[in-house]
Amino acid sequence: MHLLEYFGYFQGMKATALVRVPARLLAALAVAVMAVLWAGAPRAEAATGVSTVAEALRENPVYVDPAMSAQLPPAEAAELSRQIKNADKPLFIAVLPADQPTRNLFTDLRTATGVTGAYAVRLGDRFDARADASVLSRTAVRNLVTSVQGEDTRTQLADFTDRALASMGGSAPAGWDGVERGGTVSTTGLIVAGAVLVASGVGAYTLVRRGRSRREAEQRAALEKLRVVVDEDITAYGEELDRLDFHPAEAGADDAMRADYERALDSYEQAKQYMAEARRPEDVKAVTETLEDGRFSLARLAARREGRPLPERRPPCFFDPRHGPSVADATWTPPAGAPRPVPVCAADQVRLAEGRDPRIREVETDGGRRPYWDAGPAYGPWAGGYFGGGLLPGLLVGTLLGSMMATPSYAADYGTGYGDFGGYEGGDVSGADFSPADFGDFGGGGDFGAGGFGGGDFGGF
């Protein structure tokens with residue numbers, strides 16, 4: 001008989017019979033019953049235990065601790081999950097209580113989940129994230145985290161999700177859509193699935209063909225829009241080469257100068273070739289990367305000829321990459337946006353210091369000429385080639401291009417190439433390129449520290 005049944009039996013006995021039961025037996029029974037109840041009861045910390053969170057994340061991209069449901073209600077958590085699944089990206093979000101232990105939280109969560117991806121945690125009113133390098137570069141993660149600091153839970157997680165999905169690589173783990181890798185499928189299931197496929201095959205094929213044709217038409221239109229801007233860039237670069245008027249055999253020329261000049265010429269020819277071979281908007285990124293590299297070679301050559309120190313490698317001028325490599329960061333505030341430091345050339349640095357407007361690169365839109373960051377998501381790969389290494393998300397926060405590139409629509413794909421996110425071998429590759437340097441503790445230290453969560457470590461735009 002079960003111990004609980006014994007307990008009920010003794011409760012039901014008459015008082016006279018109960019008196020005859022030894023007190024030591026009753027005490028032992030009470031202890032045993034309490035032990036059973038204690039063993040079966042959920043622990044208070046189980047809801048926020050790393051293993052519990054990891055188990056939930058393997059089934060769903062968003063986990064909300066029951067104690068935090070007021071910060072992110074079930075309906076909104078479900079919408080975030082749907083968005084992440086539809087984007088097919090390995091993004092994991094956890095909303096945990098403020099008293100959750102933070103030491104090694106990301107490392108332990110990543111290890112327990114076992115999936116290569118990006119992990120974001122809202123801890124009370126604080127927020128941070130980490131990612132495997134193959135999914136998001138460390139710089140990109142820092143910029144994304146910085147861009148959402150200070151927002152309430154719902155806004156913060158929605159904004160972070162939008163921007164991360166537009167930037168990250170990889171694909172979602174199979175477990176999210178109910179398919180376990182290495183599992184088996186029943187014969188009945190195969191028969192039913194086969195019947196459904198046969199019945200709907202013709203219609204599905206037609207829909208796929210139609211969707212593919214529409215997608216290709218949209219890509220062609222976006223590429224033609226970009227072609228105008230890129231051709232202007234290539235022409236401007238060629239004019240810079242002419243103005244330089246360098247001759248490898250001129251007096252004072254040395255091997256270093258000739259090497260810089262050769263790289264600059266190669267960049268010019270390679271950029272033209274890349275653009276001629278471009279078939280999709282994403283292909284434009286290679287063109288602008290090449291032009292940016294060529295302009296840096298020209299800057300080095302000019303410094304050598306003039307006897308100046310060689311310039312450091314910096315991103316091009318934010319306001320117009322044709323201005324060449326930046327020389328410093330200057331604070332700039334876009335209309336209706338927040339101030340942020342942007343890389344600027346020497347001329348625009350002076351203009352901003354004097355309270356004048358910088359010389360901004362404008363492109364054609366349906367509403368007339370607009371700054372490139374207000375021209376729509378098709379300009380994502382163009383800008384991404386110039387501002388790689390995860391810099392672009394922070395620069396574009398609060399602009400039209402930044403907002404539209406962050407949406408998981410077809411156009412967002414045009415901007416996913418920016419940043420040095422490297423290759424990716426799949427969402428379920430456990431430990432593919434994980435290292436403590438990519439994750440570490442919250443805020444870089446084992447706890448949030450006195451400087452606040454995230455902000456003190458990452459800086460801000």
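Predicted model: local features only at pLDDT ≥ 70, side-chain atom pairs only at ≥ 80, totals over all residues.
1. Helix α4, residues 50–59, has a buried side made up of Val53, Ala54 and Leu57. Viewed down the axis of α4, the buried residues fall within an arc of 100°, so they line one face of the helix. Ser51 and Glu55 are exposed on the other side of α4. The cover over the buried residues of α4 includes the strands β1 (62–64) and β2 (91–96), and helix α6 (105–113) is also part of that cover.

2. For the protein as a whole, the secondary structure amounts to 16 helices and eight strands. The chain count is 461 residues, of which 43% are buried. Among contacts with a separation of 6 or more, 68% are between residues 24 or more positions apart.

3. Helix α8 (residues 153–167) packs with helix α7 (residues 138–148) at an angle of about 150°, and the two axes are 9 Å apart. Because angles over 145 degrees count as roughly antiparallel, α7 is roughly antiparallel to α8. The crossing of α7 past α8 is right-handed. On the α7 side, the contact is made by Leu144, Val145, Ser147 and Val148; α8 supplies Gln156, Asp159, Phe160, Arg163 and Ala164. Sorted by class, the residues of this contact between α7 and α8 are five nonpolar, two polar and two charged.

4. Helix α8 also meets helix α5 (residues 74–87). The axes of α5 and α8 come within 11 Å and cross at roughly 5°. The two helices are therefore roughly parallel to each other, the cut-off for that term being an angle under 35 degrees. From α5, the residues in contact are Glu76, Leu80, Gln83, Ile84 and Ala87. From α8, they are Arg154, Leu157, Ala158, Thr161, Asp162 and Leu165. By class, this contact of α5 with α8 has six nonpolar, two polar and three charged residues.

5. A further helix pair is α10 (residues 255–277) with α11 (residues 284–306), packed at an angle of about 160° with axes 8 Å apart. This angle makes α10 roughly antiparallel to α11. Here α10 passes α11 in a left-handed crossing. The contact of α10 with α11 comprises 13 nonpolar, five polar and six charged residues.

6. Two loop residues may be checked in the model. Gly175 sits in the loop between α8 and α9, the latter spanning 187–244. Its relative accessibility is 12%, so Gly175 counts as buried, the limit for that class being under 20%. The C-alpha atom of Gly175 is separated by 8.1 Å from that of Asn60, although these residues are 115 residues apart along the chain.

7. Ala70 is located in the loop between β1 and α5. With 66% relative accessibility, Ala70 counts as exposed, a class that requires over 50%. Between the C-alpha atoms of Ala70 and Thr153 the separation is 9.8 Å, and along the chain these two residues are 83 residues apart.

Technical notes: Residues numbered from 1 in each chain as written. Heavy atoms only, no water. Axes fitted to C-alpha atoms, helices over the stretch in contact; angles between N-to-C directions. Helix = DSSP H or I, 4+ residues; strand = E, 2+ residues; numbered from the N terminus. Parallel < 35°, antiparallel > 145°, perpendicular 65-115°, else oblique. Left-handed = near helix turned anticlockwise from the far one by under 90°. Contact = heavy atoms within 4.5 Å. Nonpolar A, V, L, I, M, F, W, Y, C, P; charged D, E, K, R; others polar. Buried < 20%, exposed > 50% of the residue type's maximum accessible area, 1.4 Å probe, protein only. Arc of directions from axis to C-beta.
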